[in-house]
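Dear colleague,

Please find the structure below. My notes on its salt bridges and its sheet follow.

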Amino acid sequence: MTECLADPRTNDANARHERLYRRWAQGGVGLMVTGNVMVDRRYLERTTNVVLDADTDRAALGRWAQAAQSTGVPTLVQVNHPGRQCNVFVSRTPVAPSAVRVKMLGAFVTPRALSDDEVDALVTQYARVASEAVRAGFAGVQIHAAHGYLASQFLSPRANLRTDRWGGPLQNRARFLLEAVRRTRAAVGPRAAVAVKLNSRDFQRGGFEADDAVQVAHWL
């Protein structure tokens, strides 16, 4: 989900997030998961995503957490990076596991393949964002590894053509997600929730299949 409510100039949470999530909490739900919260403001899924980095308004983030959980409903922040699904209105130089383009009416360009060091740094970014979210008062995080975004791109043999430690057999393709979970858990401590959104399959011939999803779930 994407709320499309952040100010595109700052990408901070604001009063509209507070109002929306407070209403949902008052509706009696048992758990809430936010829309995409991006780990890098250079690469957004939408221009109106919330971004959590050094320039984030921490007070606004805290108010969002407080509003969402005002009735005791635990709320998780969805941590994400679009990878190659960063549209041309955001960036014409997106990054991904491999230089494989999403073919969709000219909305996306061919991404640049990430270096080993860049991949490792991105894994740490997921953990850093998770730590900031929990510090702001959220109950935990959900790492987005579905719907064609970066973590699921690493899982897919159609999007991930790498031959290094991040590609090839499923265990290597799952390394990005598994490392993100490990580092996130270390960053947020034992009491915060750490969830993963995972596709059962990506519905592309020769892609990430149901048996792969079962194996990744076992590893998780």
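A salt bridge here is a side-chain nitrogen of Lys or Arg within 4 Å of a carboxyl oxygen of Asp or Glu. This is a predicted model, in which local features need pLDDT of at least 70, side-chain atom pairs count only at pLDDT 80 or more, and totals for chains, interfaces and linings use all residues. Residues are numbered from 1 along each chain as its sequence is written, and side-chain values use heavy atoms, with hydrogens and water left out.

The structure holds 15 salt bridges. In one of them, Glu18 pairs with Arg63, with the closest N and O atoms 3.5 Å apart. This pair links helix α1 to helix α2 (residues 58-68), across 45 residues of the chain; helices are DSSP runs of H or I of at least four residues, and strands are runs of E of at least two, numbered from the N terminus. Glu18 counts as buried, at 14% relative accessibility, whereas Arg63 counts as partly exposed, at 40% (buried means under 20% relative accessible area, exposed over 50%, partly exposed in between, with a 1.4 Å probe and protein chains only).

Asp120 forms salt bridges with Arg183, at 2.8 Å between the closest N and O atoms, and with Arg165, at 3.7 Å. These residues belong to a network of salt bridges that also includes Asp116, Glu179 and Arg182.

The open sheet has five strands in the order β2-β1-β3-β6-β7, with parallel pairing; two strands pair if DSSP finds at least two bridges between them. Its edge strands are β2 (50-51) and β7 (193-198).

Yours sincerely
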